[in-house]
Amino acid sequence: MVNRGTRLRTPLAFPHSRRKTDHIKFGEPSDSSTPLFVGASFSHREADLFIFASLSFFRRSDTRRSRMGVFNQFRIWVLTICWVFQSGYGFYLPGSYPHKYGVGDDLWVKVNSLTSIDTEMPFSYYSLPFCTPDGGIKDSAENLGELIMGDRIENSPYRFNMYKNETEIFLCKSDPLSAEKFNILKDRIDEMYQVNLILDNLPAIRYTTKKEGYVLWWTGYPVGVKLQDVYYIFNHLKFNVLVHKYDETNVARVMGTGDAPDMIPSVGKTESNVPGYMVVGFEVIPCSVTHNVDSVKNLKKYGKYPTAVKCDPNTVSMPIKEGQPIVFTYEVTFEESDIKWPSRWDAYLKMEGSKVHWFSILNSLMVITFLAGIVLVIFLRTVRRDLTRYEELDKEAQAQMNEELSGWKLVVGDVFRAPTNPSLLCIMVGDGVQILGMAVVTILFAALGFMSPASRGTLVTGMLFFYMILGIAAGYVAVRLWRTIGGGDHDGWVSVSWKAACFFPGIAFLILTTLNFLLWGSHSTGAIPFSLFVILLLLWFCISVPLTLVGGYFGAKASPIEFPVRTNQIPREIPAQKYPSWLLVLGAGTLPFGTLFIELFFIMSSIWLGRVYYVFGFLFIVLILLVVVCAEVSLVLTYMHLCVEDWKWWWKSFFASGSVAIYIFLYSVNYLVFDLKSLSGPVSATLYLGYSLFMVVAIMLATGTVGFLSSFWFVHYLFSSVKLD
């Protein structure tokens, strides 16, 4: 039997979480996010004492340092933080929190969408003839990011009792398989769909030990398997729940120092004396077992199956047949583990060949940094030499040099001439600032641990939030740049702001709507529900658009950037070029792509192969390096064009760095052909290319904006530093 699944990777840093209680011990660990303040929440009395102590301290500090205004500002910030502590009983970051279960407490398993790396289209768990829970199917609380990513978390009939081992538990007997259900079940087995179960926010995991001695890990288990044209279903599940005894002192020592519990006494009554356990692992072994249908006619759910069930994952014995029902059973064992709460995600982040990952990224960073440094040094020396030569010569010699050698100074009367389609350029730059700002802030927060893989959907939710907030920056940059190019005209700033608010979201809406129709037609849970579509539209027009208009208003009020030279009325003729200038522009994207392509492989694997991506620290470094390289490439190309008297640098500077998006799209096609060979069907390929196109447009706007703004600053600085006749 061949099992396929997702290999998971070794963590860079383990996420943490807190337990929501009235009084939390110092340094209590967190499963999904690092706490912003390492400490406990205070009672009102403690908060008042803390604020009083802070006031007394800063009052004495002001007496000694009355002339230092910085301390006054710092005092305000500290008092604000203290007020947050007092009013909110502590500050928590989003995510899951440690939950203490007593012996015998009910544990309910949840189910997520069925997923497959063969089709990339998730389907509902209950689209197959599985057992349904008593009381009907209910959706669990989901955030916006989960819905967009296609997660549909629902309740399930699987129920455990904490620290009580049970075997031969009868779950249900399905109705006889109709022709439609039988064909759907066969299709899901052919397409290698995985069942995803969740217990206490931990996905079910299974593993296999290879002959070489290493262990492969998967999340979820396959629906079934096909052997010799016969389809078998996994109808018996063997669960193993790893638990860790709850100990507040040990929990507090995870993040605090050894004497932390003594330093911060607990306030109020605690339940530390009550025995309890935390779930730190959730393993599943799927089996295909033949059951006697007649023997379960009178059995109720969670009853004892009359005969012993032998679970052997290496053999299958339950074929599916049209017109016959399927009997589902399960068993559960609890195992006490030394795994601590903050480390319970370790197993999900393990991977083979991790050294290759680290050394590949470090090698790429070193090489690109070295090349970028060489380009920067040569470029600065060349420009400095030209400026020095002009400053040392008199006017007559400068005029002679202008005619003989200096091509870039000859375009002084045309270098700031308005480009073609200036409003479109301003709109694209404004949207690029918004996207780049969103990427920087989101990756920074993820690198600090605020958006860990333990909390599903928070990354996408954070991206949407930061994108909407940064609409102010998009409107401000677009309108101020438009006024700068247009000579300070106020009229039309509302139109520019409105277009900036709708340009990239409109493209995204068009792409996602088209793909959504394909998902709707396939009855996939990856399709965005109509209600979510309405929510996204309301967020767009009620938050993003108004904020962009506000930014445009401030951009219209701000003074436009003044050009250091005047523009001639008659444009200068551009000499014939030996090589097409756009050829250099398209080739300039290779260096930024070299900065990104190794990390891009892991990002693509995370998106399309279901692997857990966690190295946000490296991604943040790569992003910074990408910005630097894009700026340098655009500066070099702009300088080369000015040297050959080509003053049409505006759009070329944008696409010099933005052309990296072309290579990323070509890499995406290459990844589809060679790494996603099993991707079946035109719908799956269309979805892949559609989402890749969406990603490429965003990258083009962000990198192009970096190139344009750096070139604009350089040209402005260059011509304001030259002594003109």
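In which sense do strand 1 and strand 2 pair, and over how many bridges? Strand 1 (residues 106-111) runs antiparallel to strand 2, and five bridges join the two. Please keep in mind that this is a predicted model.

Even so, strand 2 (residues 154-161) is largely enclosed by the rest of the structure, because seven of its eight residues are buried.

Here are two facing positions to look up in your viewer:

| Residue | Opposite residue in strand 2 |
|---|---|
| Asp 106 | Asn 161 |
| Leu 107 | Phe 160 |

As background, strands of a sheet pair through backbone hydrogen bonds, in either a parallel or an antiparallel way.

**Two packed helices**

Two packed helices are described by the angle between their axes and the distance between those axes. For helix 12 (residues 471-485) and helix 14 (residues 530-557), the angle is about 35 degrees and the axes are 6 Å apart. The crossing of helix 12 past helix 14 is right-handed.

Which residues of helix 12 and helix 14 meet? On the helix 12 side they are Gly 471, Ile 472, Gly 475, Tyr 476, Val 479, Arg 480 and Arg 483. Helix 14 brings Leu 547, Thr 548, Gly 551, Gly 552, Phe 554, Gly 555, Ala 556 and Lys 557. Sorted by class, this contact of helix 12 with helix 14 has six nonpolar, six polar and three charged residues.

**The nonpolar cores**

The largest nonpolar core has 88 residues, and Val 415, Phe 708 and Phe 719 have the most contacts inside it. Helix 17 (residues 616-643) gives the most to this core, with 16 residues. Leaving aside neighbours within four places in sequence, Phe 708 is in contact with Leu 425, Val 429, Leu 481, Ser 634, Trp 649, Trp 650, Ser 653 and Phe 654. There is also a second, separate core of 61 residues, with Tyr 125, Phe 182, Phe 282 and Ile 320 among them.

**An exposed leucine**

Is Leu 510 buried or exposed? This residue lies in helix 13 (residues 493-521). Leu 510 has 58% relative accessibility, so Leu 510 counts as exposed, the cut-off for that class being over 50%. Its C-alpha atom is separated by 9.8 Å from that of Phe 694, although Leu 510 and Phe 694 are 184 residues apart along the chain.

Terms used: Residues are numbered from 1 along each chain as its sequence is written. This is a predicted model: local features need pLDDT of at least 70, side-chain atom pairs count only at pLDDT 80 or more; totals for chains, interfaces and linings use all residues. Side-chain values use heavy atoms; hydrogens and water are left out. Axes are lines fitted to C-alpha atoms, for helices over the stretch in contact, and angles run from 0 to 180 degrees between N-to-C directions. Helices (H or I, at least four residues) and strands (E, at least two) are DSSP runs, numbered from the N terminus. A crossing is left-handed if the near helix is turned anticlockwise from the far one by less than a right angle, and right-handed if clockwise. Contact means heavy atoms within 4.5 Å. Ala, Val, Leu, Ile, Met, Phe, Trp, Tyr, Cys and Pro count as nonpolar, Asp, Glu, Lys and Arg as charged, and the others, Gly among them, as polar. Buried means under 20% relative accessible area, exposed over 50%, partly exposed in between (1.4 Å probe, protein chains only). Two strands pair if DSSP finds at least two bridges between them. A nonpolar core is a set of buried Ala, Val, Leu, Ile, Met, Phe, Trp, Tyr and Cys residues joined through side-chain atoms within 4.5 Å.
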